Amino acid sequence: MSEQVESLIRKEYSAGFHTNIESETLPPGLNEDVIRFISAKKNEPQWMLDWRLKAFKIWQGMEEPQWAHVKYPKIDFQSISYFSAPKSLADRPKSLDEVDPDLIETYNKLGIPLHEQEMLAGVAVDAVFDSVSVVTTFRGKLEEAGVIFCPISEAVHKYPELIKKYMGSVVPQRDNYYAALNSAVFSDGSFVYIPKGVRCPMELSTYFRINEMNTGQFERTLIIAEEGSHVSYLEGCTAPQRDENQLHAAVVELVAMDNAEIKYSTVQNWYPGDEQGKGGIYNFVTKRGICHTRAKISWTQVETGSAVTWKYPSCILKGDYSIGEFYSVALTNNYQQADTGTKMIHLGKHTKSTIISKGISAGKSQNAYRGLVRMGPTAEGARNYTQCDSLLIGDRCGAHTFPYIESAHPSAVVEHEATTSKVSDDQLFLCQQRGLDAEKAVSMIVNGFCREVFKQLPMEFAVEAGKLLEVSLEGSVG
Amino acid sequence: MSEFQSHALMLAQQSKGLAWLNDAKQACANLWQAEKWPTRKTEAWRYTSLQSLESTLWSVPSEAQLDGLPDELMALDATRLVFVNGNFSSQFSSELPESLTLFSQASPAEQQAILTKFNQVAKVEKHLFSQLNTAALGEGVFLNLSANQRLEKPVYVVYIHTDTGASDYVGSRLLVSLETSAEAVVIEHFITLSDASPMFNAVTELDIGENAKLKHYRISMESEQSLHLGSVHAALHANSQLTGFTLATGSRLKRIDYHVRHVGSGADLDLQGIYLPKHNQRVDYHTNVEHCVPHCTTNEVFRGVISDTAKAVFNGRIHIHQDAQKTLAEMSNRNLLTSNRAEINTKPELEIYADDVKCAHGATISQLNDESLFYLVSRGISEAEARVMLSFGFVNELVENIAVEDIKVWLRPRMAKAFGQNDDVVRHLIHD
Amino acid sequence: MFVSDTMLKINDLCAKVEDKEILRQLNLEVKPGEIHAIMGPNGAGKSTLGNVLSGRPGYEATAGHIEFKGQNLLEMDPEIRAREGLFLAFQYPVEIPGVSNMELLKASVDARRAHAGLEEYSAIDFMKMAREACKAVNLDQSFLKRGVNEGFSGGEKKRNEIMQMMLLEPSLCILDETDSGLDIDALQVVANGVNAMRSADRSFIVVTHYQRLLDYIVPDYVHVLANGRIVKSGDKSLALELEAKGYSWLENEAV
Ligand SMILES: Nc1ncnc2c1ncn2[C@@H]1O[C@H](COP(=O)(O)OP(=O)(O)O)[C@@H](O)[C@H]1O
Ligand SMILES: [Mg+2]
């Protein structure tokens, strides 16, 4: 590692703490040395470092995409810090008792149930604080079932064959600008492996939180569901309020082997910026899954946070009879901008996909659905149904729909429907006449509008999602 | 700069002079020259390659003679204007009423009127091939109706191409201006008489004044080898009405754009389109409807039947600006793929910045319905005929809406023939 | 329980909609336990009265005073009026797709009870009550789960309004042409609902076109509203007279 970087880090120690937790944060900047540093910090084998460096080369030759319906100032990738870890975790805790109590307090504030005894819901949690996975709960019980659920940094050491085989197999390094960046600098994330025929005994869950200033978060998640297995996974995200924008560029790869099923749910509540549009997270995420024969991948997302969202969880329906689903609620308020949707790439015969997208725009926000449905020349008998609805609240916001529909097989059937409407005065008045105040009425109408998607979420998160919408809509009606 | 892009500037020089339009022509030549040439990464050209423009020495054809009027013309009681290879043919054209004039024959007053209207509705800076059209402009038609004026007969403009042995660039221009409460019916018809491969570049501007009503039909059924880059630009003022109909069979390269702007409250657009590419043909329709003011309505319906190894593109965009409250807009695009190797790319877009609006769009892609097919077969109809009947029916619903009976009569058999050459399978459809 | 000798007292009420004067110095007094029927030609302002009373945005009282249970009604927000016990059964109930009837009901009953300082009903108890109410108006229980008025027939919408009224236990019920479009069986259902709720501390204003409703709901008073004011008041026999003679003989009196 270069001495310069080392010395810079040492200088940086004294400054920039946000909570009481001491962090070890790399100074801003991105070059090969930084990548070597990250890799060395994690004690990575040479092949992992080589993979990162290759991605970095690719990234350097790429241009930031411009096509999305979002506007933000050009990101200076040299002003971002690419590594930050709570210092007290430099030696990873062996058990919960070793975790810094302040950190646990932070999670409690966020309502994240870290302690196993608090986790009545039976959810196993991996928590990623800034760039590092701090604790993974319930590991014992999962191991019994043969399920691997650990930080990806750990998987690199323990399961190098799986990582080598699958990392980058669904989202290649050169897939897109942010995926390439993530491949070069990814910090941590979750790794899940469900062996053949196993039904994961509990919901798996990861909470992400950006704490430090000027840090980017680049986690990477890899889920492999072997033949006939089944897993349901939920991620939640939050960040503290800050005036600067922060970058979050994650990659999620899902592999569903024959007859396997993966359900991936996201409740995204990154800091959206304030009422004037100051601050907030840039959420530029690549999520994609591949379905083998008769496999099924189902993406459910509830997106209320982030200043700018750029995200298209996708399914490659490679195997015959495989199924892809996308259920999304994206709510934008104030100056938020979202360009989100999905891609369903039908390659196999009789593959099926369903897209239900509900966009809600309030305040001065812009909310776009962008989706691709592609019926390849081999997609005999494939079907897609897309329903994409927009709800407008207020007269300064925008709702947009950009569906790309491509079909190269006559027996493939594609149906796309979209509507845009507003919360009507008559609806509000009926609710008021029954004793509800306008905000409550809007929240009920919005929840109703989203019902089809909420139904897809695990029970306890559906409730959370509903509350989240309510909070996010505050102040949106007169 | 692509080879074609620089070569096209020569076309501009070849086109004969209308000196009073030189400034506009030059401005567009400059724009054209400065354009970044589109690639597959350019959103508007994502699915359509301009490669077939390249490696060809395009030239502006000189006057050509026709022995007689081709059979392909519609039998219409109309004021007819015939162009052959881009040149006006007075021999085959009707006598022009006062409200109609050729650019080349415009009086100074008319020149002035043209100059104030020309490229006002068409936003040339946003439309590549309108730039070329203007830069290489040789002749144009100006239809100018004053307030309350109502044309007795439809205006039928026919653009004919006949083989010259060269690679012909055929430009055309139609400028329609309707003042308050004026009414007109305009038909544009593109015809090729050989298997040659000319390139049509046709621009139509429709300025529809307050409370005015225009019916505009645009039929493009040229030869398989031809190329066609066309655009229709319309501005709808308060309470005006545009009923548009467009039909295109495929060809080597066919790209037709509709840009419609609602600029006055209470305007109403009804736009229907049919595309029928087969063999290895291409058709690419891009429509863009802008609602800039409140209380306007748009109803847009496009249907396509795509056969063999043909490819079609439909990109329909409805853009509702912030002030366009109470907009009602609906767009529907339905596609029938009748072969294993046919392809359709459709992109119905809604961009909405106003809140009190009701919008919907729908798109479907499917093949012929097995049940319907079986129903017909079970009534003793051959499967081949049943297929043609169903394909025909799929688009004929739109033809039935055409208000000018003679167009319908002309179109039905030709549309049927587009689905089946064999008389056996179409005879029941072309009875009348 | 509420004690006062007036439920509603309207003095010289003027109201306009979109700059159009609709109500002109309307006076009406309703005492607890009374049923008042309001009849009148189309466009007379009957719905406007209901809308002004319930505080619908766009309906502006320009002059006059309304006292509701001793309070100044015009100063209250619409939801507060509802929580205080004013209920309007709409002439055209709007559809709210996605929000189920049950959700709306629970939320409004909760809001009303919280306002009165009462405890919320448990979900189970409330479910029972809702089922009972459905039965009372002859609506299948599946209607509780459906979106509010979504895809309901005209008659179903009206019965749904009565069902909500039963659960909310209001003190003043305004029924705006709840009988229009109902067949005789449905009409009886509505009337039974109203009659079952009749009590000494609850009042009704029943807006109707048809005398036949008044055979089932017997009013204490009948008023004729024309040209924005009450032009004649009487007892039940006035309704019969109106049915026989129409309104035109009265309209002239209004001007
Ligand atoms: N929202 C509104 N906007 C404009 N005019 C209205 C509105 N509501 C009612 N009016 C007008 O007020 C008058 C009274 O209407 P309404 O109270 O509905 O009559 P009724 O219920 O007695 O038939 C009518 O002329 C009607 O057109
Ligand atoms: Mg009424």
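Me: Which residue in S21(A) is the bridge partner of A:His346?

Reply: A:Met375 is the bridge partner of A:His346 in S21(A). This is a predicted model, where local features need pLDDT of at least 70 and side-chain atom pairs 80 or more, while totals for chains, interfaces and linings use all residues. Residues are numbered from 1 along each chain as its sequence is written, chains are lettered from A and ligands numbered from 1 in the order written, and side-chain values use heavy atoms, without hydrogens and water.

Me: In which sense do S19(A) and S21(A) run?

Reply: Strands (E, at least two residues) and helices (H or I, at least four) are DSSP runs numbered from the N terminus; two strands pair if DSSP finds at least two bridges between them. S19(A) and S21(A) (residues 366–375) run parallel, joined by 4 bridges. S16(A) (residues 314–317) also pairs with S19(A) (residues 343–346) in the parallel sense, over 4 bridges. There A:Ile316 stands opposite A:Ile345.

Me: How do H2(B) and H4(B) cross?

Reply: Two packed helices are described by the angle between their axes and the distance between the axes. Axes are lines fitted to C-alpha atoms, for helices over the stretch in contact, with angles from 0 to 180 degrees between N-to-C directions. The axes of H2(B) (residues 22–34) and H4(B) (residues 128–135) come within 7 Å and cross at roughly 140 degrees. The two are therefore oblique to each other (under 35 degrees is roughly parallel, over 145 roughly antiparallel, 65 to 115 roughly perpendicular, the rest oblique).

Me: Where is confidence lowest in chain A?

Reply: pLDDT is the predictor's confidence in each residue, from 0 to 100. In chain A, H1(A) (residues 3–12) is lowest, at a mean of 28.
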